[in-house]
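This briefing goes through one structure by topic.

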Amino acid sequence: MPACPAPNAPSADLLSRLAALLGPAGLLTEQSDVEPFCTDWRALYHGRAAAVLRPANTAELAQAVALCARDGVAMVPQGGNTSMVGGATPDASGRAVVICLSRMNRVRRIDPVDLTMEVEAGVTLKAAQDAARDAGLMLPLSISSEGSAQIGGVLATNAGGNNTVRYGNARELVLGLEAVLPDGQVFHGLRRLRKDNTGYALRQLFVGSEGTLGIISTAILQLQPQPRAVEAALCALADPAAALALFAAFRAQDPALIQAFEYMSGAGMDLVTTLVPGASLPLSEPAPAYVLVELATPRANADLRTALEDVLGAALEDGTVSDAVIAESEGQRLALWKLREEHAEAQRRAGASIKNDVSVPVSHVPDLIARASAACVALVPGIRPAPFGHIGDGNIHFNLVQPEGMDPAAFLAMDHRIMDTVADIVRDLDGSFSAEHGVGRLKPYMMPDWRGGAELATMRRIKEAIDPGCVMNPGAVFPSDEQPDAPAHPG
Ligand code: MLT
Ligand code: ZN
């Protein structure tokens with residue numbers, strides 16, 4: 001890829017054109033208004049921006065992008081600002097503009113026959129789930145940050161989450177897409193077809209592109225029938241191998257019932273029950289490992305409770321599970337999920353933490369956890385491994401909390417060494433260094449080593465073809481030798 005031209009700061013003329021286009025609600029230029037958009041939620045990245053653009057619809061977005069592109073101004077798309085890898089934080093130059101999609105927040109249409117939903121980029125995932133549920137359907141994508149994360153960002157990062165084991169990642173749910181290209185043209189792909197083999201599936205290029213190829217403005221998502229029954233249980237186990245044995249038992253019974261199968265370490269659970277108000281363990285004693293299993297079915301008259309009890313009963317008998325609690329009400333089911341969903345928040349409260357969002361073949365998860373824990377403890381004595389996540393699809397958040405009493409900045413300064421230690425083991429186990437969080441600004445340095453040769457070269461050629469001016473989310477995904485203004489990290 002030829003060197004990117006250095007982005008320009010927006011001129012006074014550009015800002016007044018944007019003001020005329022977007023109106024007072026659509027353009028923020030006061031630094032006090034702009035600042036909240038320049039730091040990620042973990043406060044690891046601190047950038048600056050010349051302005052925040054808040055278009056109200058696709059036409060405004062397209063015109064704003066065209067104006068910025070013409071002047072060579074870099075654009076950083078931002079949804080709910082919940083990236084785990086600094087994917088939506090502008091650099092430190094102060095020349096870029098942030099494009100925030102939150103005013104484009106309409107659920108346009110739900111079709112109960114097609115089982116589809118047309119939804120604008122700025123709708124939160126939670127609001128989209130609620131709208132589908134109110135229509136008697138289900139949007140089967142669930143992530144811990146769903147209350148803030150927006151559909152545009154969820155798709156741009158190909159979010160995975162808790163239901164991948166059954167329904168796939170965000171990519172699998174996208175039937176149609178509308179996106180604004182880096183020059184302001186609109187890619188009109190809002191089709192709701194299950195079959196559509198007409199050349200390249202361009203919509204899929206934008207899914208997982210992390211805002212480097214354009215800005216997703218609207219999507220058509222595949223829905224599912226709403227489950228008629230849901231059952232959840234929290235199980236105590238000895239180790240990750242027992243978790244896989246339990247997973248195999250549920251699959252042997254009926255793989256179509258498993259809606260989520262989540263792993264939590266004893267250390268991670270301890271942080272949640274100690275640091276998160278209102279979180280307590282509903283089992284008689286703590287265990288080295290836990291699984292939260294959720295079964296669901298849209299079938300009428302399915303005896304899901306018996307199905308759950310049958311597998312758990314056998315697992316208690318043969319020792320795979322040492323204890324288990326089944327949710328007896330919707331409130332209890334949500335309380336079990338709180339123990340899982342608050343893992344990231346508990347780790348944030350525990351001090352500095354380093355996230356390794358990795359995946360390996362499901363069969364290798366026990367090896368991954370054992371080997372990476374030992375290697376990290378050897379590297380940083382006192383480090384607290386707190387692995388958890390989507391064991392049913394092989395995606396483990398191999399997160400590490402700083403040793404107690406260590407200076408958080410000193411710990412964060414070791415992030416590449418720690419990430420590389422984990423990554424070496426992940427590579428040995430045929431895995432990926434980024435499972436569902438993306439590359440963002442945290443991991444581009446890993447790309448040449450992991451995706452080198454024809455793979456990264458092809459990605460660069462696609463980038464160059466679609467965004468020759470390098471105006472879309474520069475600094476994300478692609479490694480660059482010259483990133484003098486990369487956002488400050490650690491902060
Ligand atoms: C989750 O599944 O809760 C997030 O992806 C978490 C994280 O890495 O902290
Ligand atoms: Zn996750």
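Which residues coordinate the zinc ion (ligand 2)? In this predicted model, the zinc ion (ligand 2) is coordinated by H390 through NE2, H397 through NE2 and E436 through OE, at 1.9 to 2.2 Å.

**Zinc site**
- Along the chain, the donors of the zinc ion (ligand 2) are spaced as H-x6-H-x38-E.
- H390 has a relative accessibility of 3% and therefore counts as buried.
- H397 is also buried, because its relative accessible area is 4%, under the 20% cut-off.

- Opposite L53 stands I99 in β4.

**Strand β6 and its partners**
- Strand β6 (residues 116-120) is largely enclosed by the rest of the structure, because five of its five residues are buried.
- Strand β5 (residues 107-111) runs antiparallel to β6 and is joined to β6 by four bridges.
- D111 has T116 of β6 opposite to it.
- Four residues lie between the strands in the hairpin of β5 and β6, where L115 takes a positive phi near 55 degrees.
- Strand β10 (residues 215-222) is also antiparallel to β6, with five bridges joining the two.
- A219 in β10 is the bridge partner of V119.

**Strand β14 and its partners**
- Nine of the nine residues of strand β14 (residues 289-297) are buried, and the strand is mostly covered.
- Strand β12 (residues 229-237) pairs with β14 in the antiparallel sense, over nine bridges.
- The bridge partner of A233 in β14 is V293.
- β13 and β14 also run antiparallel, joined by seven bridges.
- Y290 in β14 is opposite M264.

- In soluble globular proteins, nonpolar side chains tend to be buried together.
- Leaving aside residues up to four places away in sequence, L368 touches V358, V360, S373, I396, I425, V426 and L429.

**Ring contacts**
- Four aromatic pairs are counted in the model.
- F247 and F261 form a tilted pair, because their ring centres are 4.9 Å apart and their planes lie at 40 degrees, between the limits of 30 and 60 degrees.
- This pair links distant parts of the chain, 14 residues apart: F247 is in helix α9 (residues 240-253) and F261 in strand β13 (residues 258-265).
- F247 counts as buried because its relative accessibility is 3%, and F261 counts as buried because its relative accessibility is 1%.
- Ring pairs join F247, F250 and F261 into a cluster.
- Elsewhere, R427 places its charged end over the ring of W450, 4.4 Å from the ring centre.

- A43, in the loop between α2 (31-34) and β2, is a residue other than glycine with a positive phi, near 60 degrees.
- A43 is partly exposed, because its relative accessible area is 35%, between the 20% and 50% cut-offs.
- C470, in the segment after α18 (454-466), is not a glycine either, and its phi is positive at about 55 degrees.
- With a relative accessible area of 10%, C470 is buried.

Terms used:
Residues are numbered from 1 along each chain as its sequence is written. Chains are lettered from A and ligands numbered from 1 in the order in which they are written. This is a predicted model: local features need pLDDT of at least 70, side-chain atom pairs count only at pLDDT 80 or more; totals for chains, interfaces and linings use all residues. Side-chain values use heavy atoms; hydrogens and water are left out. Two strands pair if DSSP finds at least two bridges between them. Donors are N, O and S atoms within 2.8 Å of the metal (3.2 Å for Na, K and Ca); water is not among the atoms, so sites may look incomplete. Buried means under 20% relative accessible area, exposed over 50%, partly exposed in between (1.4 Å probe, protein chains only). Contact means heavy atoms within 4.5 Å. Rings of Phe, Tyr and Trp (its six-membered ring) pair if their centres lie within 6.5 Å; planes under 30 degrees apart count as stacked, over 60 as edge-to-face and the rest as tilted. A charge sits over a ring if NZ of Lys or CZ of Arg is within 6 Å of the ring centre and within 35 degrees of the ring normal.
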